[in-house]
Amino acid sequence: LSTMSDKRTRDESDGDESDGSEITRPRKAVHRQRAHNNPLATSHLWRPDTPATVPLAEYYPAFCGPGARPGDAIRWVDLGCGFGSLLLELANFERRTLILGTELRHKPVQYDQKRLVAHRKESKAALPPAERTGTVAGDNVWAIEANSMKSMPNYFAKGQLTKLFICFPDPHFKKRNARRRIVSPSLLAEYAYCLAVGAPF
């Protein structure tokens, strides 16, 4: 049995999780960042030129890597995914649909990615050895640092999305900050462009 100190080491490590020999859970405390970022000052963030150049094989290697079936595309999106609680729930609820979380803040995205990697490893470790070659819970979920106010059409084609989640957006209640709101008439037009007809929002 693992000792309490062993568990503490695994839970509190914030190192690289790419090594498959150890399941390492990230610590939220070392990935904290101020809640309010200026979405109008994020020109440094990378974005694809077109939806066709989104690096799906990097985000979902089990689904879109070498030998994967063609035609996969992101269908569900969580805008402003924060620390990824909804993404983890969706990872257990839906195993086949490609799901992407976008977040403006760098440290929460680091936390989300490490958390998802750990979730994938835990899901695989829970299976019998003979069943570990296929996809597992979490393989279809990823999070990226992106400004959805400026890059939705870069990531998603017209009518591509079948679900769009916006949970607890920053209200920016002051009139002078209205253009920073993630829900506004101009952005609703972009969301409608990316959503399939009849898709829930």
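Is Phe-165 buried, partly exposed or exposed, and what is its relative accessible area? In this predicted model, Phe-165 has a relative accessible area of 22% and is therefore partly exposed, whereas Trp-76, at 7% relative accessibility, counts as buried.

**Aromatic pairs**

The count of aromatic pairs comes to 5, and two of them are set out here.

| Ring pair | Distance between centres | Angle between planes | Geometry |
|---|---|---|---|
| Tyr-59 and Tyr-60 | 6.2 Å | 85° | edge-to-face |
| Trp-76 and Phe-165 | 6.3 Å | 65° | edge-to-face |

Because Trp-76 lies in strand E1 and Phe-165 in strand E4, their pair ties together parts that are 89 residues apart in sequence. Tyr-59 and Tyr-60 are both buried, and ring pairs also link Trp-46, Tyr-155 and Phe-156 into a cluster.

**Core and helix H4**

The largest nonpolar core holds 35 residues, and those touching the most other members are Tyr-59, Tyr-60, Ile-74, Leu-100, Phe-156 and Leu-161. Elements that give two or more residues to this core include strand E1 (74–79), helix H4 (85–93) and strand E2 (98–103). Beyond four places in sequence, Ile-74 touches residues among which are Tyr-60, Leu-100, Phe-156 and Leu-161.

In H4 the buried residues are Leu-87, Leu-88, Leu-90 and Ala-91; they lie on the same side of H4, because they cover an arc of only 160° around the axis. These residues pack against E1, E2, helix H5 (106–125), E3 and strand E4 (163–166), while Glu-89 and Phe-93 are exposed on the other side of H4.

**Confidence**

The mean pLDDT of the chain is 80, with 75% of its residues reaching 70 or more, but over residues 1–20 pLDDT stays under 50. Where pLDDT is low, the predicted coordinates should not be read in detail.

Conventions: Residues are numbered from 1 along each chain as its sequence is written. This is a predicted model: local features need pLDDT of at least 70, side-chain atom pairs count only at pLDDT 80 or more; totals for chains, interfaces and linings use all residues. Side-chain values use heavy atoms; hydrogens and water are left out. pLDDT is the predictor's confidence in each residue, from 0 to 100. Contact means heavy atoms within 4.5 Å. A nonpolar core is a set of buried Ala, Val, Leu, Ile, Met, Phe, Trp, Tyr and Cys residues joined through side-chain atoms within 4.5 Å. Buried means under 20% relative accessible area, exposed over 50%, partly exposed in between (1.4 Å probe, protein chains only). Helices (H or I, at least four residues) and strands (E, at least two) are DSSP runs, numbered from the N terminus. The arc is that of the directions from the helix axis to the C-beta atoms. Rings of Phe, Tyr and Trp (its six-membered ring) pair if their centres lie within 6.5 Å; planes under 30 degrees apart count as stacked, over 60 as edge-to-face and the rest as tilted.
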